[in-house]
Amino acid sequence: KRFRSFIALEVYNETQKIIGTDRISSAISLVEASAKDRRELYNRIAWDEGRILYNLCDSENTIISINCLGWHIIDNEVPLIFRRMSHQKPQCMPQGHGDIELLRKYLPPINDKNWYLLKVFLVTYFVPHIPKPLLCPHGPHGSGKTTICKRLKSLIDPSVMETTSFPKD
């Protein structure tokens, strides 16, 4: 939809004429057919040559490179293309020498076994090319299930949509 609007505006700026949706669709089809180099499009996290790339989705389009030696900001051209969704919020700039154990005080009480599983769950979401576990918190009303989901979502992929639910059908 945004690309169609972009095409319509560009044509108008060049010709001072408004073109119909059928001509826009034809132009897009022509561009798609002539595209020789197809590249994969990534959301926030991608795997590239032995490293993880994490898009902060900030106004500077900052990309963090993470490997076995640590992390750093990529200053040069990013080799991959990241999709920018309208609901994504920027992630804060990471700080060095963090301690995942500090996260526990911002979550509802969790026993040691479940805390260990939650940490594994959290880390797997930053590794893009492996299967992910599904978090299914359970407990009585008011036990903190939604709070845990919101906090973890804000760490992994901040969004205007804090939570989602399973479809009804």
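1. Basis of the values. In this predicted model, local features need pLDDT of at least 70 and side-chain atom pairs count only at pLDDT 80 or more, while totals for chains, interfaces and linings use all residues. Residues are numbered from 1 along each chain as its sequence is written, and side-chain values use heavy atoms, with hydrogens and water left out.

2. The sheet. Four strands form an open sheet in the order E2-E3-E4-E5, with antiparallel pairing; helices (H or I, at least four residues) and strands (E, at least two) are DSSP runs numbered from the N terminus, and two strands pair if DSSP finds at least two bridges between them. Strand E2 (45-48) and strand E5 (70-73) stand at the edges, and because each has a single partner strand, one side of each is left without a neighbour in the sheet. From one strand to the next the twist averages 25 degrees, where axes are lines fitted to C-alpha atoms, for helices over the stretch in contact, and angles run from 0 to 180 degrees between N-to-C directions.

3. Pairing within the sheet. E2 and strand E3 (residues 51-55) pair in the antiparallel sense over 4 bridges, and Ile-45 has Tyr-54 in E3 as its bridge partner. Strand E4 (residues 63-67) likewise pairs with E5 in the antiparallel sense over 4 bridges, with His-72 in E5 as the bridge partner of Ser-65.

4. Asp-48 is found in strand E2 and is buried, with a relative accessible area of 10%; buried means under 20% relative accessible area, exposed over 50%, and partly exposed in between (1.4 Å probe, protein chains only). Residues up to four places away in sequence not being counted, Asp-48 touches Leu-53, Pro-79 and Leu-80, where contact means heavy atoms within 4.5 Å.

5. Two residues with positive phi. Most residues other than glycine have a negative phi. Glu-49, which is not a glycine, has a positive phi of about 50 degrees; this residue lies in the turn of the hairpin that E2 and E3 form with 2 residues between them, and at 77% relative accessibility Glu-49 counts as exposed. Cys-57 also has a positive phi, near 55 degrees, and is found in the loop between E3 and E4, but Cys-57 is buried, with a relative accessible area of 2%.

6. Packing of H3 and H4. Helix H3 (residues 112-124) and helix H4 (residues 145-156) pack at an angle of about 35 degrees, with their axes 10 Å apart. Leu-118, Phe-121 and Leu-122 in H3 meet Ile-148, Leu-152, Leu-155 and Ile-156 in H4, and by class this contact has 7 nonpolar, no polar and no charged residues (Ala, Val, Leu, Ile, Met, Phe, Trp, Tyr, Cys and Pro count as nonpolar, Asp, Glu, Lys and Arg as charged, and the others, Gly among them, as polar).

7. Cysteines. The structure holds 0 disulfides, a disulfide being a pair of cysteine sulfur atoms within 2.5 Å. For Cys-149 the closest cysteine sulfur, in Cys-136, is 8.9 Å from its own sulfur, too far for a bond; Cys-149 counts as partly exposed at 27% relative accessibility, whereas Cys-68 counts as exposed at 78%.
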